[in-house]
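This briefing is intended for a reader who is meeting the structure for the first time. Please view the sequence and the structure together before reading on.

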Amino acid sequence: MDLHTYVQADATELADFVRQKEVTPKELLTLSIEQMEKVNPELNAVVHERKEKALATADESPSSGLFAGVPTLLKDLSHQLEGERMTSGSVLFQHMIAEKNAAFVDALLQAGLLPLGHTNTPEFGLKNITEPRLHGPARNPWNTDYSPGGSSGGAAAAIAAGIVPVAGASDGGGSIRIPASFTGLFGLKPTRGRTPVGPGVGRQWQGASIDFVLAKSVRDSAALLDVTQTIQPAAAFQTPLYPGVYRETMKEPIPKQLRIAYSTESPVGTPVSECAKRAVLKTAACSRNKDTSLKTWRRQSTA
């Protein structure tokens, strides 16, 4: 496999290549590292690397996992990997070393994904741009004068630049969805209680924040929801397991009409700029058909 093929593929396609023995996990990691070394000095998307460890354990990942052998990155906030730095983007925690894996990270490892490092995030994930004092700003691959958003901005920049096809992320008030919209990716915030939390906490940000991924394709996101959904008795929230298969459900016909609500007001009473209001109204107006129902659009997954 050449670098161009790697950069263009989503995680589902790369996993298929591994299953068909057209490429090895080590070869995929080598291509990921090559792309990271090529683009990361300018983007500052990845702030902690574990290249040697990843390569050394590439052949030990679960061969039966849906994404066996596919490189990924974790978020430097709540995605603890035992023995690796976990700074949360803060100078206060710049020397913090994780003592155990996060439950969500274990789910990604069980799926066969190979973590190559951690991505940039604003301090404690509290901004919608990624510019921590500790690591410096992440840059948007489409235009490095701009931000990739936040708080999962480093993850978004890494995927959009082709370092990995999917990366760990988290979302409380838009930290998956904002970077997805800034970089042309797919970003879903699952229902709370759907994906693992902990250990040590039963909820994050009073239950508003969840761990999931940013992805290059819809089908990657659906498949990862299939393999990471869980019920944890110790968690503050338990959401019943989806009885079907997300990656199959997404192929079902789209309903002819959907009603979609929107607002130009802040949910917490803060001022909203006039240009932001106009953008919302323009989007709604462009989506209406002749009988004022909102059209629905589905991002097509990679075939």
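The points below are grouped by topic, after a note on conventions.

This is a predicted model, in which local features need pLDDT of at least 70, side-chain atom pairs count only at pLDDT 80 or more, and totals for chains, interfaces and linings use all residues. Residues are numbered from 1 along each chain as its sequence is written, and side-chain values use heavy atoms, with hydrogens and water left out.

- Helices (H or I, at least four residues) and strands (E, at least two) are DSSP runs, numbered from the N terminus.
- Strand 2 is largely enclosed by the rest of the structure, because five of its five residues are buried; buried means under 20% relative accessible area, exposed over 50% and partly exposed in between, with a 1.4 Å probe and protein chains only.
- Strand 2 runs parallel to strand 3 (residues 114-119), and four bridges join them; two strands pair if DSSP finds at least two bridges between them.
- Together with helix 5, strands 2 and 3 make a right-handed β-α-β unit; a crossover is right-handed if, with the strands pointing away from the viewer, the path from the first strand over the helix to the second runs clockwise.

**The loop between strand 2 and helix 5**

- His79 lies in the loop between strand 2 (71-75) and helix 5 (103-110), and its relative accessible area of 0% makes it buried.
- Not counting residues up to four places away in sequence, His79 touches residues including Leu74, His118 and Asp211; contact means heavy atoms within 4.5 Å.
- The side chain of His79 reaches the backbone nitrogen of Lys75 at 3.2 Å. A polar contact is a pair of N or O atoms within 3.5 Å; within protein, one must be able to donate a hydrogen and the other to accept it, and residues adjacent in sequence count only if both atoms are side-chain atoms.
- Ser78 is in this loop as well, and its phi is near 70 degrees, a positive value in a residue other than glycine.
- Ser78 counts as buried, at 18% relative accessibility.

**The loop between strand 3 and helix 6**

- Thr130 is located in the loop between strand 3 and helix 6 (153-160) and counts as buried at 0% relative accessibility.
- A polar atom of the Thr130 side chain lies 3.3 Å from the backbone nitrogen of Gly153.
- Ser151 also belongs to this loop, and a cis peptide bond with omega of about 5 degrees joins Gly150 to Ser151.
- Phe124, found in the loop too, has a positive phi near 60 degrees and counts as partly exposed at 33% relative accessibility.
- Most residues other than glycine have a negative phi, and most peptide bonds are trans.

**Other sites**

- Ser175 is placed in the loop between strand 4 (166-171) and helix 7 (177-183), and counts as buried at 9% relative accessibility.
- Among the residues that Ser175 touches, not counting those up to four places away in sequence, are Lys75, Gly150 and Ser151.
- Pro199 lies in the loop between strand 5 and strand 6, and a cis peptide bond joins Gly198 and Pro199.
- Helix 8 (residues 218-228) is mostly covered, with 10 of its 11 residues buried; the elements covering those buried residues include helix 2 (11-19), strand 6 (210-215) and helix 9 (246-249).
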